[in-house]
Amino acid sequence: MSRREQFGQIFRFALVGGVNTGTFFGIYLLLHPWMPYFAAYSLAFVLAMVGSFFMNTYFTYRTRPTWKKFLLFPLTNVTNYVIQSAGLYALVTWAGMDTRIAPLVAAIVAIPFTFLLSRKILVPGAARAEEAQQVGAGASSRG
């Protein structure tokens, strides 16, 4: 994959992330008055994750969604969920941040992890292909 293609993928991921974060935050704010903040956060996270799967499959990585990818996608988001949850807890409990803003800050911190993990699931073999390309480029530059 060329640098230009990688940049395009990162750019599309950022766009999808912005839409997904907005969706997540909107759902969270709608649910927040009706349930405890962490329950609202968790439900909003799950609903936004389904949307994220389809946006990332079709738009970011331009690959075909499958049931296998759909079922694996939440597994990669477990790491994202843990990072965001720990961040949310720390921001609210230790930093005294407002429960309406803390989920947004925690989500921003988790972005790089989410990109790497979702790419690994949605584009199987991408990392191996890039490694092979780098090895081949290194060999040709030495010889």
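Student: How much of the chain counts as buried?
Tutor: Keep in mind that this is a predicted model. Of its 143 residues, 35% count as buried.

Student: How many helices and strands are there?
Tutor: The chain has five helices and zero strands. Starting at the N terminus, the order reads α-α-α-α-α.

Student: What share of the contacts with a separation of 6 or more comes from residues 24 or more positions apart?
Tutor: Those pairs make up 64% of them.

Student: Let's do helix packing. At what angle do helix 1 and helix 2 pack?
Tutor: About 150°, and their axes are 8 Å apart. Helix 2 covers residues 37-60.

Student: So what do we call that arrangement?
Tutor: Roughly antiparallel. The cut-off for that word is an angle over 145 degrees, so helix 1 counts as roughly antiparallel to helix 2.

Student: Is the crossing left-handed or right-handed?
Tutor: Helix 1 passes helix 2 in a right-handed crossing.

Student: And which classes of residue make up that contact?
Tutor: The contact of helix 1 with helix 2 has 18 nonpolar residues, five polar and one charged.

Student: Now helix 4. How does helix 1 pack against helix 4?
Tutor: The angle is about 140°, with the axes 10 Å apart. Helix 1 is residues 3-31, and helix 4 is residues 102-122. That angle makes helix 1 oblique to helix 4. The crossing of these two is right-handed.

Student: Which residues meet there?
Tutor: From helix 1, the list includes Phe13, Phe24, Phe25 and Tyr28. From helix 4, it includes Leu104, Ile111, Phe115 and Arg119. By class, the contact of helix 1 with helix 4 has nine nonpolar, four polar and one charged residues.

Student: Back to helix 2. Which of its residues are buried?
Tutor: Quite a list. Among them are Ala40, Tyr41, Ser42, Phe45, Met49, Phe53 and Asn56.

Student: What covers them?
Tutor: The cover for the buried residues of helix 2 includes helix 1, helix 3 and helix 4.

Student: You named Ser42. Why does Ser42 count as buried?
Tutor: Its relative accessibility is 18%. Buried means under 20%, so Ser42 counts as buried.

Student: What does the side chain of Ser42 join up with?
Tutor: The side chain of Tyr81. The two make a polar contact of 2.9 Å.

Student: New topic. What is the phi of Arg62?
Tutor: Near 50°. That is a positive value in a residue other than glycine. For context, most residues other than glycine have a negative phi.

Student: Where does Arg62 sit?
Tutor: In the loop between helix 2 and helix 3. The positive phi comes just after helix 2.

Student: Is Arg62 buried or exposed?
Tutor: Exposed. Its relative accessibility is 59%, and exposed means over 50%.

Student: Last one: Leu72. Where is it?
Tutor: Leu72 is in helix 3, which spans residues 67-94. Its relative accessible area is 30%, so Leu72 is partly exposed.

Student: How far apart are the C-alpha atoms of Leu72 and Ile121?
Tutor: They are separated by 6.9 Å. Along the chain, Leu72 and Ile121 are 49 residues apart.

Key
Residues are numbered from 1 along each chain as its sequence is written. This is a predicted model: local features need pLDDT of at least 70, side-chain atom pairs count only at pLDDT 80 or more; totals for chains, interfaces and linings use all residues. Side-chain values use heavy atoms; hydrogens and water are left out. Axes are lines fitted to C-alpha atoms, for helices over the stretch in contact, and angles run from 0 to 180 degrees between N-to-C directions. Helices (H or I, at least four residues) and strands (E, at least two) are DSSP runs, numbered from the N terminus. Angles under 35 degrees count as roughly parallel, over 145 as roughly antiparallel, 65 to 115 as roughly perpendicular and the rest as oblique. A crossing is left-handed if the near helix is turned anticlockwise from the far one by less than a right angle, and right-handed if clockwise. Contact means heavy atoms within 4.5 Å. Ala, Val, Leu, Ile, Met, Phe, Trp, Tyr, Cys and Pro count as nonpolar, Asp, Glu, Lys and Arg as charged, and the others, Gly among them, as polar. Buried means under 20% relative accessible area, exposed over 50%, partly exposed in between (1.4 Å probe, protein chains only). A polar contact is a pair of N or O atoms within 3.5 Å; within protein, one must be able to donate a hydrogen and the other to accept it, and residues adjacent in sequence count only if both atoms are side-chain atoms.
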